[in-house]
Amino acid sequence: MFPFFTKKVIGIDISDSSLEIICLEKGLVKPKIFAYNRMVLPYGIILDGNILHQDFLSEAIKHLLKTASPHALHDGLCLLSLPDSQFFITILHFPHVLQGKALRQAVLYDLETSFPLKMSDHYFDFQIIAQDRHFQDIFIVAATRHTIHNYLEVLFSSGLIPLVLDVETLSLGRALLGASDKNKTIMIVDIGARYTNIGVFKNNIIRHLSSHPYGGENINANITEKLGITHTEAERHKRKCNMYSRSCDKNVSLIIESELRQIIIEIKKIIQSFLYSKNQ
């Protein structure tokens, strides 16, 4: 939903390997693209979603804003999606009679007693995703205050004012799923540089979200090691290769297939879990 009090808002995606921004402005019917930009981050600026060099990241965002196309940007309100790996995510079940403040207290109590979380060190939020006359399912997200503060400091020093900090896969769900996807169960698999995020949506509502330590960098590392080539050459081979094409180097396709098998195993586990729970 476009913020009603502003004419423009910047969406920003920060990952281990890249920065991406898009600025939307109000249109007559729907928002229009005002500017966009993308850049590759050097290795080690962000690792597994943890910011290791705040000053460098801040300067990189400033540069990205100034060189945006077709219009340069300098500051403004922003929406930020954070890597799924930086969140603790779960779905809990509570009696329907719990509402408002009582529900929030119940969620907090469960997080502190049932999980290894010290809630004084975390921010958390939750959403009711399903309910009937007796019970309700609550989708819960928590992140360490240290992580959130680091990202906020980078945004503020870049001239940006954050409106929303969101989970990456939830953002993808809102962008990709529409009215025609209701009454369906849909899985979104996002293969990133270091992690693969898997989200399952039922009736356009999140029902499962998990992050797995397999990604494009695993493929690059194996190609580099087994073929004795540089990381840059490995990336080029990976992007060029179609496993089902005769023009693809067989050695490269076998390496890619081996790494993708790990992701497929996780996908199958999640599918089996959903089929099992559906038959209960």
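The entries that follow take these topics in turn.

Entry 1, the model. I am working with a predicted model in which local features need pLDDT of at least 70 and side-chain atom pairs count only at pLDDT 80 or more, while totals for chains, interfaces and linings use all residues. Residues are numbered from 1 along each chain as its sequence is written, and side-chain values use heavy atoms, with hydrogens and water left out.

I took helices (H or I, at least four residues) and strands (E, at least two) as DSSP runs, numbered from the N terminus. I then looked up burial (buried is under 20% relative accessible area, exposed over 50%, partly exposed in between, with a 1.4 Å probe and protein chains only). Leu57, Ser58, Ala60, Ile61, Leu64 and Leu65 are buried in H1. Down the axis of H1, the buried residues fall within an arc of 160°, so they line one face (the arc is taken from the directions from the helix axis to the C-beta atoms). Asp55 and Lys66 are exposed, on the face of H1 turned away from the buried side.

I counted a side-chain nitrogen of Lys or Arg within 4 Å of a carboxyl oxygen of Asp or Glu. The structure holds eleven salt bridges. One of them joins Arg194 to Asp16, with the closest N and O atoms 3.3 Å apart. This pair links distant parts of the chain, 178 residues apart: Arg194 is in the loop between S11 and S12, and Asp16 is in the loop between S1 and S2. Arg194 is partly exposed at 25% relative accessibility, whereas Asp16 is buried at 12%. Asp48 is linked with Asp16 and Arg194 in a network of salt bridges.

Glu235 bridges to Lys238 at 3.1 Å between the closest N and O atoms. Glu235 and Lys238 are three residues apart in helix H6, about one helical turn, and both are buried. In helix H7, Glu266 and Lys269 are also three residues apart, and their closest N and O atoms are 4.0 Å apart. Glu266 is buried, with a relative accessible area of 15%.
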